[in-house]
Amino acid sequence: MNYTSTRNNSLSVSSSFAIANGISEEGGLFVPENIPQVSSEFINSLVPLSYKQRADKILPLFLSDYGEDEIKGCTLAAYGDNFEGETPAPVKKLYDNVSVLELWHGPTCAFKDMALQLLPYLLTGAAKRELGGKKSVILVATSGDTGKAALEGFKDVEGTKILVFYPDKGVSPMQKLQMTTQEGKNVGVSAIEGNFDDAQTGVKEIFTSPEVKAKLEENNMSFSSANSINWGRLVPQIVYYFSAYADLIQQGVIKNGDKVNFTVPTGNFGNILAAYYALKMGLPVNRLICASNENDVLTEFLTTGRYNRLRKFHTTVSPSMDILISSNLERLIFHMLDGNSDETKRLFDSLSVNGEYSVSEQLLNEIKGVFAAGNCDDAETLNVIAKTYKENGYLSDTHTGVAIKVYNAYREETGDKTPAVIVSTASPYKFSNAVLRALSDGESSSLNEFEMVEKLQEITGIPAPAPLGSLKGKAPRFTGVCKKEEMEREVYRLLEIKN
């Protein structure tokens, strides 16, 4: 299994190269040259297995230069007692034949843990094969959850340094506290004046800068990424779609071969793209439903074929989806264009220069054959959180609330009663202010973050995850804020490199 670039399909590299380098030299994203196919028998074989064992069977299909024992060692370290409960990714009934896939039982209480507890081990192995002893500098832009999950995954990992940039006004108080109090000798965190897209653009520019690369080379360092632009972040996410399907079989909700719908709240398109890869591998999927908040750039694209980032940016109660440049969409378009890297590059150059692009009607129809899309505003999100708790006894965070609202609207509009899985991406306690407002008819609270957590526990009887409670009283280590134009200089400062 080799990998090529979305902007240079003449390239062919190993999975270790793709994971160690993060992004291709010309700015494209690494994608598998071929998508492996699985049989009905393969899917059936997953049913009696644990989550770790399911990962052990799926990951080698994409990571052919990793040894079997190496992968088993990675998954053993990643999916152990650092996740609460019997399984890292439980599937729970919501109503009728609609279930929720909970991906937030890891150490940072967000779905990013599913990949970022594994990525450090994948990267360490890749770096030994590809980087010749250089230190890996993990550069991350985050809208909230990726940053903490990456920091937690890479803290004190030998041979690495991790730097995280986040929008100063664009994360929840709990997300900010998680990042700024991060322990570890090899971690660095900085806020920026701007939004997530500014952070993401800045990181990508630094990544592809020959001058910065040369400066790192002088100091025996090399960039990699923990964002979902890194294939090592994306491939672990494919596992939990297969795992959810196997759980539905085990629970008697479906029989092997029955199709399901997945509804995924997403901003950067990575989480739902992993479901697309699972579909292309042979997982019986009927529709992938993309759920957006008020930043509805993906909804517009998936329904009209026009991607336009030149629009008002909304700061919402679901901040991890406050994104206008969805990086992983580039991978989908490359695949939908049958690997035409010239056309993919043309489209994304247009996005960079002109702020928009449009795809052909033929391509749009192909996309619509797989994806449905919808969006909702903050008021609708809070309303559905309250309604779902009242009617189904299920407490969701704001991102999952968006997904529930979008799925309910899709089901009502289409009449599609295919068994469905709604992907739940974060603990409600990471966004206790908004969830508390939802349960209190929109009344704002004067309580501090931890008092709100206690109040939410009191109202619902649902305990908060232990990792969030442990933050109480911790003093921030990282308080710096830089302008987006100063990110390169901040990288040098955090790496202790003279510029």
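Arg-129 is partly exposed, with a relative accessible area of 37%; here, buried means under 20% relative accessible area, exposed over 50%, and partly exposed in between (1.4 Å probe, protein chains only). Its side chain meets that of Glu-70 in a salt bridge, at 3.2 Å from N to O. A salt bridge is a side-chain nitrogen of Lys or Arg within 4 Å of a carboxyl oxygen of Asp or Glu. Keep in mind that this is a predicted model, where local features need pLDDT of at least 70, side-chain atom pairs count only at pLDDT 80 or more, and totals for chains, interfaces and linings use all residues. Residues are numbered from 1 along each chain as its sequence is written, and side-chain values use heavy atoms, with hydrogens and water left out.

**More on this first pair**

- Arg-129 sits in helix H6 (residues 119–130) and Glu-70 in helix H4 (residues 68–78), so-called DSSP runs; helices (H or I, at least four residues) and strands (E, at least two) are such runs, numbered from the N terminus.
- The two partners are 59 residues apart, and the pair links distant parts of the chain.
- Glu-70 also counts as partly exposed, at 25% relative accessibility.

**Other salt bridges**

- A search of the whole structure finds 27 salt bridges.
- Asp-349 forms one with Lys-345, and the closest N and O atoms are 2.7 Å apart.
- Both Asp-349 and Lys-345 lie in helix H15 (residues 341–354), 4 residues apart, which is about one turn of the helix.
- An α-helix has 3.6 residues a turn, so residues three or four places apart point the same way.
- Asp-349 is partly exposed at 29% relative accessibility, and Lys-345 is partly exposed with a relative accessible area of 34%.
- Lys-472 forms a salt bridge with Glu-454, with 3.2 Å between the closest N and O atoms.
- Lys-472 lies in the loop between H21 and strand S16 (481–483), while Glu-454 lies in helix H20, so this pair ties together parts that are 18 residues apart in sequence.
- Lys-472 counts as exposed at 52% relative accessibility, whereas Glu-454 counts as partly exposed at 41%.
- Salt bridges that share partners join Asp-296, Glu-300, Arg-306, Arg-311 and Glu-356 into one network.

**Helices to look for inside**

- In helix H14 (residues 329–336), 8 of the 8 residues are buried, so the helix is largely enclosed by the rest of the structure.
- Among the buried residues of H14 are Glu-330, Arg-331 and His-335, along with Leu-332 and Phe-334.
- After H14 comes Asp-338, whose phi is positive, near 55 degrees.
- In helix H8 (residues 173–180), 6 of the 8 residues are buried, so H8 is largely enclosed by the rest of the structure too.
- The buried residues of H8 are Met-174, Gln-175, Leu-177, Gln-178, Met-179 and Thr-180.
- They pack against helix H7 (145–154), strand S7 (160–167), strand S8 (187–193), helix H20 (449–460) and helix H21 (466–469).

**Two single residues**

- Pro-173 is found in helix H8, and this proline is exposed, with a relative accessible area of 53%.
- Pro-173 and Phe-431 are 258 residues apart in sequence, yet 8.3 Å apart in space from C-alpha to C-alpha.
- Asn-271 has its place in helix H12 (residues 270–281) and is buried, with a relative accessible area of 4%.
- Not counting residues up to four places away in sequence, Asn-271 touches several others, including Phe-111, Tyr-240, Pro-265 and Thr-425; contact means heavy atoms within 4.5 Å.

**The whole protein**

- The secondary structure comes to 22 helices and 16 strands.
- The radius of gyration is 21 Å, close to the 23 Å that the globule rule gives for 499 residues, so the protein is as compact as a globular protein of that length.
- That radius is taken over C-alpha atoms, and the globule rule is 2.2 Å times the number of residues to the power 0.38.
- The C-alpha trace spans about 60 × 50 × 45 Å along its principal axes.
- Buried residues make up 61% of the 499 residues.
- Of the contacts with a separation of 6 or more, 75% are between residues 24 or more positions apart.
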